[in-house]
Amino acid sequence: MSAFPEGFFWGAACASYQCEGAWNEDGKGPSIWDDFCHEMNGKHVKNDDTGDVACDSYHRYKEDVALMKQHNIQAYRFSISWPRVIPDGDGEVNEKGLQFYENLVDELLANGIEPMITLYHWDLPSALQDKGGWLNRDIIAAFGRFAGIVASRLKGKVKRYMTLNEPQCVAGGYGGTHGAPGLGLGGEKVAQVYHILCLAHSEAYRAIKAVDPTTIVGAAICGFFTYPEKDTPENREAAYKANFDLSSDQKPWSFTPNIFLDSLLLKKYDESAPAVVRKFAETIDPSDWEKMETLDFIGINVYNGDMVNEKGEYVKRYPGFPLTACKWPVTPEVMHYCVLNMHRRYGLPMVITENGQSCNDRVHMDGKVHDPERIDFLNRYLLELKKGIDEGAPVQGYLQWSILDNFEWSRGYDERFGIIYVDYRTGERIPKDSAAWYAKVIETNGECL
Ligand code: NOJ
């Protein structure tokens, strides 16, 4: 295949709670995920797994960075644990926590790898949850302060930030029970969380720009993405409409990409918003809309999508449809169309901030980890991404999820997403076949695909 555009960057991603461990070391405060996991008896997390130790990256980060360099990784997206830096969320700063992230950033830079920071990847300080968490507007100022503290410390070293990771899943922690805090509240509360998340993003955006206006600030979103059954203009149109439809009986509005982005970028809810969202919207103080900031780029976490026909109907998958280890469908076409649809709606530059698959990886008799399915998955998705770019979608980079196997939230350690295997008994890291394959993709800027 012809190479990706010049300047396109390649990397990998992870998040604090999923890999760091050291859950109560060096002054770190507890987070809602510490609490969620520690409430055991199989209540929330498979096998009662916790992130207490995880990949122990808090202690082994130099080894991890060396492995990244060895595999040509150009950018590493990681998140900052808010309670490691500010143990109670809005009080005193924990110098050791801040120092850890500065050390990590310095190590990356010394190895020629661009650090990309996510400020919030779900590990909210428990003390803030006690005050209502993302339902309490006080969190907006607290998040802005946290962003400013991190940006000041890392000024001149970190160019690209993402304020929030997957607001859809943050809100899901309030509407559902599978992720922390797991409150299972009704739709109006979920709409309220989204609104506060938008204001918090905006506050953090301003705080980071106040430190250094040249910093690039976005957010990483997810949601349902659609792709057309047939590549006709009519079917493309139908898939576009379905992608941003908040009234679908197939897909809940609370997990669409636009329920978050429309407020920030269009400053309104989509006309298809259901009654519960419209009811909440009536309670919004009009001055809130003026506080909404933009994004300098949209980060898209994309794993799979749904096929839609010319009539705009979801097409049932055929029996035996390809699935990953965690039973997610393998739908490479989603890459092609999600970047086009997102570009059409918002017109902003984009980065694929996550993409990958979990496999039932194990160490084979030869001592190596062979993961042909992951290679096949990534290869197919990247070829489709290139089609979207060739049709004009301004995608600046691609981050594979994940550099290491890690703690997969309520699924615990059963799901392995890494291109590097982790033996959780010893912490040993073993690069999988996909790591060598990905190194080659990066080296050739995608030409070898
Ligand atoms: C999305 C999340 O951001 C990340 O934390 C998670 O591990 C991956 N997807 C895979 O589920």
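Predicted model: local features only at pLDDT ≥ 70, side-chain atom pairs only at ≥ 80, totals over all residues.
A search of the whole structure returned 36 aromatic pairs. One of them joins Phe4 and Phe8, whose ring centres are 4.8 Å apart. Phe4 is buried, at a relative accessible area of 3%. Phe8 is also buried, at 7%.

A second pair is formed by Tyr17 and Phe407. Here the ring centres lie 5.4 Å apart. The planes stand at 85°, so the geometry is edge-to-face; the cut-off for that class is over 60 degrees. Tyr17 belongs to helix H1, residues 16–19. Phe407 is placed in the loop between strand E10 (395–401) and strand E11 (420–423). The pair therefore ties together parts that are 390 residues apart in sequence. Tyr17 and Phe407 are both buried.

The contact between these two residues is part of a wider arrangement. Ring pairs connect Tyr17 and Phe407 with Trp33, Phe36, Trp122, Trp409, Tyr413 and Tyr424 in a cluster.

Charged groups also meet aromatic rings. The charged end of Arg344 sits over the ring of Tyr240, at 3.7 Å from the ring centre. For Arg317, the charged end sits over the ring of Phe321, and the distance to the centre is 5.6 Å.

How values were computed: Residues numbered from 1 in each chain as written. Heavy atoms only, no water. Phe/Tyr/Trp six-rings, centres within 6.5 Å; stacked < 30°, edge-to-face > 60°. Buried < 20%, exposed > 50% of the residue type's maximum accessible area, 1.4 Å probe, protein only. Helix = DSSP H or I, 4+ residues; strand = E, 2+ residues; numbered from the N terminus. Lys NZ or Arg CZ within 6 Å of the ring centre and 35° of its normal.
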